[in-house]
Amino acid sequence: QEAGILPKAVEYLAKAGNRALHFSAYAETIVHFNKALDILKILPSTPERDQYELSFQIALAASLQATQGYGAPEVASTCERIQELCQKMAGSPQIFSALYFLANFHWLRAEHGAGFEFTEQMMNIAQKEDDPLSLALTHTLQGTLSFSMGKLSAAREHLDYMNAFYNPKEHSHLAFIYGMDPGLICGCSTVCVSWCLGYPDQAMEQSQKMLADARQVDHPFSLAAVLAMDSLFHLLQRDIKALEERGTEVARLAEEKGFLFFVGVGVFKIGWALAHQGQVEEGIAKLNQALDLYRATGMRFTLTDLLGSLAEAYGIAGQIEKGLEFMSQALAEVERGGERYYEAELYRIKGELLLRKAKRKDRTVLEKEAEACFQQSLAVARQQKARSFELRTSISLSRLLQKQGKRSEARTLLKAIYD
């Protein structure tokens, strides 16, 4: 083709791709940007060409994640290329957006340490430029990652920065730049942190606000993300009715829009609700279906919760050993990715599983093991300042102590948490 024609074709495809991305038409977005990237391959390497490629790779990766999930080979190769370009283009104004995307990518794959390293690079850029928006975006990711790692106090400090900065009317356009509305994600993370820290009323109030705001933003992927995060909040507080409602809505929306990994999130929450409403076999089937979807899409954020929920559901069904197997997987996942916000609850559930087993044999030995699990749960909750989990585990342990005739110890335990 004649000189000058290829760059014009690239610009045309970029406009078409960005327009499709704006309307959440991810399949169309992928087609346009793949064509644009094919053209770039035959262009000489220049800073301008690399700028084009980085922006295209980011848009392509965001679309691939939405439709195929975080474990797809195409997503992994695209992320690798984004990292290569970041190293090559140090100082480019697009580096910040690329780092944001990479940090978010690792967060949802439950590679929280790697994700946080990218946010530290973002913070260096934001502080150097003294840009309020860049600082707010960085604090958002550092807050969500800190929550995931069980660092609740640090999470709250980071999230409060964006909460004070964000205005839906002024900043909802960020959803079209970063794939999800960062202000809404920050708010939803704050809901979970508030509940864990022992402020359920604050959490509920902000939950309702985030849902209302998300329904006003014309961005289906952001709405799906908010519904998914809100379902996590209801899982934490074990609200069966709300969990079933959120799970059903996010699964329906995700299926309609082709957001494959959010389908898994919805099916997970539906399965948990069924298992706790007496439909245990149906619930276990749904939870296993969700696990298959998580594995197929590479989604690992909240995998610890899903494995723990399978453990609990099998316990309810009387399949204690199967439940303990899933609990071992859940605790191994905690160590693998450093996802610790649910760690205290996992040890509590393990203790309850052991007490179910104690009804059949080796009561004294198994009750002692269960008590050790409850004590480990309390230690984790206290270290994280997770008052809600501390209260729940204290109740489980006090019941065991009362059953053993240790009423004074049980009273002392509960008095300490309420004081």
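Biologist: How many salt bridges does a search of the whole structure find?

Modeller: The search finds 28 salt bridges. A salt bridge here is a side-chain nitrogen of Lys or Arg within 4 Å of a carboxyl oxygen of Asp or Glu. This is a predicted model, where local features need pLDDT of at least 70, side-chain atom pairs count only at pLDDT 80 or more, and totals for chains, interfaces and linings use all residues. Residues are numbered from 1 along each chain as its sequence is written, and side-chain values use heavy atoms, with hydrogens and water left out.

Biologist: Which residue forms a salt bridge with Arg-300?

Modeller: Glu-333 does, with the closest N and O atoms 2.8 Å apart. Arg-300 lies in the loop between helix 16 (280-297) and helix 17 (303-316), and Glu-333 in helix 18 (residues 320-337), so the pair ties together parts that are 33 residues apart in sequence. Helices are DSSP runs of H or I with at least four residues, numbered from the N terminus.

Biologist: Is Glu-333 buried or exposed?

Modeller: Buried means under 20% relative accessible area, exposed over 50%, and partly exposed in between, with a 1.4 Å probe and protein chains only. Glu-333 is buried at 6%, while Arg-300 is partly exposed at 30%.

Biologist: What is the relative accessibility of Glu-390?

Modeller: Glu-390 has 9% and counts as buried. Its salt-bridge partner is Arg-382, with the closest N and O atoms 3.0 Å apart. Arg-382 is partly exposed at 43%.

Biologist: Which residues are linked in a network of salt bridges?

Modeller: The network links Arg-49, Asp-50, Glu-53, Arg-81, Glu-84 and Lys-88.

Conventions. Helices (H or I, at least four residues) and strands (E, at least two) are DSSP runs, numbered from the N terminus.
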